[in-house]
Amino acid sequence: MVMKIIELLALLSGLYIAFVIGANDTANALGTAIGSKLFSYRNLVLLFGIFVLLGTLNAKNVGHTVSTIVSGDITLSLIIAGIIISIITYKKIPISTHQVIVSALVGLNISSADISLFSKIIGSWIISPILAGMLSYSIYELIKKFNISILQKVQLIKYGILLSGGLIAYNLGSNDLPTALGALSNNTYLFFVGGLFLILGALLFGKGVSETVGINIVKLNPLGAFVAQLSAGIAVFVFTQFGMPVSTTQAIIGGIIGVGLTKGIKTVKWKTILYIVLGWILAPAFALIVGHLIELIKNNIYF
Amino acid sequence: MVVFLTIFLFKRGPEKEIIDLLKSHVLLSIKGIKLLNKYIDNKSSEILEEIIKIENKGDEIKKKAILNLYKAFLPNMRREVNYSIELLDEVLDNIKHGALIYELITFELDNVVKEKCKLILNISLNILNSLYNLICVLEEGGDFKSYINNIKLGEEEIDNIYHEICKYLINVKINSFWEGKYLCDFIEKITEISDYIEDGADELKIIYLNYGDEDN
């Protein structure tokens, strides 16, 4: 009975995280499309939902990684991750839910964790924004070389943001969802149910965040925003095939830097980048330390 | 992938329609200025009627373009496109009002003033052609700066001519208040044409700066 309650708690925490991802990360997928005001939110969420559910069909790669990284207590890890994610969402701190979940899982089960795999995941966290940056730099330069007219650029942006938004939504289903739920079970049906919770989160709370992010992004540079989003989508898609849980938010930041670099190194605010990167280092470190401290306290109570 | 790119890069729909409307509006203005230039030499009621007709056609084009704007371009471009349409319409308005005021002038225009007015209209014609090419750049790509530059230089030149006329008019004998008022109003109307062209071009320039190739 106690085991059943613990399992249920773990499941609820996982689904809750999926719901929060839907509320918070919809902006990554739909922000630019919403900002462009070309499509209704209902239609966009419908498209978003289809791609998220399609993504869950390819969720087993990342699910396998997350399910094999630890073999100990996952319930407490997911509850802690859920609490931390709620706080960072409430405080609007731009750090990755992937890092929090994976670090909380490893921190709480450090003695049984596969440190070699964890090192590979950390490597992916470093490489994925760099890959997105390189891609966005190359794509942006390529578009410039084609010397396409403004009217053609408008068409490219109008339809391109649907393509890149769909790709990011697909990544949410194939990478973000199994990161949140993979530790519970690497089961497609579970990911599908998680996908429904993610869509619910997007429907109930995703609009506000997406509008704020999207309108501001589109106001800045619509073509740059599209290229950054597309590059991030491709980068995350590549890492998903290798089963690596990587963050779309981090990849998008890499993509934005790549676009910025096409206009010269001086256009990038390196001080801001430094703060963001510092957040990327501190957030998983914090989750690891907190997780490990809780593990120590828990072990002392048991023994 | 090539098919996908072809469809999205070359299917232009509502944007193309608005660009075409903008181009036909500019062509009407070009026609209007040519007619006004003729009207200065030959006060024929047919020319005046033609100018009024052109202005009405321009109004229709403006309405159509503004109505179509809801489904064209990206939302943050629409403000500039809308302004440019409104400003282009002011060009035609000024041509019509210039012609109507000129009709009220019953005395023979001083030769120097007449020639300078015709020069203003010719420069306006030249910068309208640049504006037309500017709109083509939005559609087809190419060098934007040279056309903007030409418009700016033309507008400056017209400003200088306007001041020359003002200086000259101080010594011209005017018989009545209304003679003077109509003459000044006419000169102002034709001078303002270039201001509206420049303002319209500036709106298009904002679009170009946001979406164009910064290396161009």
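Modeller: The secondary structure of chain A comes to eleven helices and zero strands. This is a predicted model.

Colleague: What pattern does chain A follow along the sequence?

Modeller: Read along the sequence, chain A goes α-α-α-α-α-α-α-α-α-α-α. Buried residues account for 57% of its 303 residues. Among contacts in chain A between residues at least 6 apart in sequence, 88% join residues at least 24 apart.

Colleague: Which residues of H2(A) and H7(A) meet?

Modeller: On the H2(A) side they include A:Leu47, A:Phe48, A:Phe51 and A:Val52, and on the H7(A) side they include A:Gly165, A:Gly166, A:Ala169 and A:Tyr170. By class, this contact has ten nonpolar, seven polar and no charged residues. Gly counts as polar here.

Colleague: What makes up chain B?

Modeller: Chain B has seven helices and zero strands. Its C-alpha trace spans about 75 × 35 × 25 Å along the principal axes. Buried residues make up 35% of the 216 residues in chain B.

Colleague: Why is H6(B) called roughly antiparallel to H7(B)?

Modeller: The axes of H6(B), residues 145-169, and H7(B), residues 177-211, come within 10 Å and cross at roughly 160°. That angle makes H6(B) roughly antiparallel to H7(B), the cut-off being over 145 degrees. The crossing of H6(B) and H7(B) is left-handed.

Colleague: Which residues form the contact of H6(B) with H7(B)?

Modeller: Among them are B:Ile148, B:Ile151, B:Glu155 and B:Ile158 in H6(B), which meet residues of H7(B) including B:Ile187, B:Asp195, B:Ile197 and B:Glu198.

Colleague: How do you know that the span of H6(B) agrees with its number of residues?

Modeller: At 1.5 Å a residue, the 25 residues of H6(B) should span 36 Å, and its end C-alpha atoms are 36 Å apart, so the two agree.

Colleague: Which residues of H6(B) are called buried, and what is the cut-off?

Modeller: They are B:Tyr147, B:Ile148, B:Ile151, B:Gly154, B:Glu155, B:Ile158 and B:Ile165. A residue is buried if 20 or more other C-beta atoms lie within 10 Å of its own. The buried residues of H6(B) pack against H5 and H7 of chain B.

Colleague: How do you know that the span of H5(B) agrees with its number of residues?

Modeller: The 30 residues of H5(B) should span 44 Å at 1.5 Å a residue, and its end C-alpha atoms are 43 Å apart, which agrees. B:Gly141, whose phi is positive, near 85°, follows H5(B).

Colleague: What do the buried residues of H5(B) pack against?

Modeller: They pack against H7 of chain A, together with H2, H6 and H7 of chain B. Among the buried residues of H5(B) are B:Cys117, B:Ile120, B:Leu121 and B:Ser124.

How values were computed
Residues are numbered from 1 along each chain as its sequence is written. Chains are lettered from A and ligands numbered from 1 in the order in which they are written. This is a predicted model: local features need pLDDT of at least 70, side-chain atom pairs count only at pLDDT 80 or more; totals for chains, interfaces and linings use all residues. Axes are lines fitted to C-alpha atoms, for helices over the stretch in contact, and angles run from 0 to 180 degrees between N-to-C directions. Helices (H or I, at least four residues) and strands (E, at least two) are DSSP runs, numbered from the N terminus. Angles under 35 degrees count as roughly parallel, over 145 as roughly antiparallel, 65 to 115 as roughly perpendicular and the rest as oblique. A crossing is left-handed if the near helix is turned anticlockwise from the far one by less than a right angle, and right-handed if clockwise. Two residues are in contact if their C-beta atoms, placed from the backbone, lie within 7 Å. The expected span of a helix is 1.5 Å times one less than its number of residues. A residue is buried if 20 or more other C-beta atoms lie within 10 Å of its own, exposed if 12 or fewer, and partly exposed in between; C-beta atoms are placed from the backbone.
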